[in-house]
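Please examine the following structure together with its sequence.

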Amino acid sequence: MNIVIFGAPGSGKGTQSALLIEKYGYYHISTGDVLRAQIAQGTELGKIADSYISKGQLIPDELMIDILDDVLAAHPESAKGVVFDGFPRTIHQAETLDALLAKRNGQVDIVVGLEVEEEELIVRLINRGKTSGRSDDNLETIKKRLDVYNSQTNVLRDHYKAQGKYEAVHGMGSIEDIFENIKTLIEKHRR
Ligand code: AMP
């Protein structure tokens, strides 16, 4: 089963993905984590990624897709199921993901949309910035990331709604309650 955890920056994608992995044992891909690992290692790719991430912009689609393709190829166990966290973020990425999964006889089975009000997102990200060490968890870049989300990523809700795959989850409240709701929705979409 392939699950997309979807939502704005600060909506709790990483937190809920970790719980899903623990429960279902699928392979976790956080594209943000993959890019940050490259930055930490000081690779050429990391330098390119950092030039976008620190400005709150998206990495260009073709580069991001190549990276994702490489990660999937390097982890054959991902064929059993993946939790996609932070991907796709554009319509082009979503269409490419469909093609990538179709090659392995798979598909996106469910898109879990964590819905959180913008004021709350900003508070959470500012708080995270106190300890995360991330170059993009500061107010100016947070605002830019929310703009990018609203202009390029949010359209995916309608894209996946039209396919009957989008399930909205109220992303406020306790982590455990949110996870309970997600589990119920996943059972509904299980193949
Ligand atoms: P995240 O950890 O998901 O908040 O991602 C942090 C940053 O990594 C984003 O603001 C983008 O600059 C970059 N990034 C992560 N995933 C993607 C993606 N699917 N497409 C383009 N850029 C991405």
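This is a predicted model: local features need pLDDT of at least 70, side-chain atom pairs count only at pLDDT 80 or more; totals for chains, interfaces and linings use all residues.

Residues are numbered from 1 along each chain as its sequence is written, and side-chain values use heavy atoms, with hydrogens and water left out.

Q: Is Thr 90 buried or exposed?
A: Thr 90 lies in the loop between β3 (82–85) and α5 (91–103); helices (H or I, at least four residues) and strands (E, at least two) are DSSP runs, numbered from the N terminus. Buried means under 20% relative accessible area, exposed over 50%, and partly exposed in between (1.4 Å probe, protein chains only). Because its relative accessible area is 9%, Thr 90 is buried.

Q: Which residues does His 92 touch, not counting residues up to four places away in sequence?
A: His 92 is found in helix α5 and is partly exposed, with a relative accessible area of 35%. Contact means heavy atoms within 4.5 Å. With residues up to four places away in sequence set aside, His 92 touches Asp 61, Glu 62 and Ile 65.

Q: How far apart in space are Val 123 and Gly 81, C-alpha to C-alpha?
A: Val 123 has its place in helix α6 (residues 118–132). It is 42 residues from Gly 81 in sequence, and the C-alpha to C-alpha separation in space is 33 Å.

Q: What is the distance between the closest N and O atoms of Lys 183 and Glu 180?
A: Side chains of opposite charge can pair when their charged atoms come close. A salt bridge is a side-chain nitrogen of Lys or Arg within 4 Å of a carboxyl oxygen of Asp or Glu. Lys 183 and Glu 180 both lie in helix α9 (residues 175–189), 3 residues apart, about one turn of the helix. In their salt bridge, the closest N and O atoms are separated by 3.0 Å.

Q: Which residues do salt bridges that share partners join into one network?
A: The side chains of Glu 187 and Arg 190 meet in a salt bridge at 3.1 Å, N to O. Salt bridges that share partners form one network, whose members are Arg 128, Arg 134, Asp 136, Asp 137 and Arg 145.

Q: Are Asp 136 and Arg 145 buried or exposed?
A: Asp 136 forms a salt bridge with Arg 145, the closest N and O atoms being 3.6 Å apart. Both Asp 136 and Arg 145 are buried.
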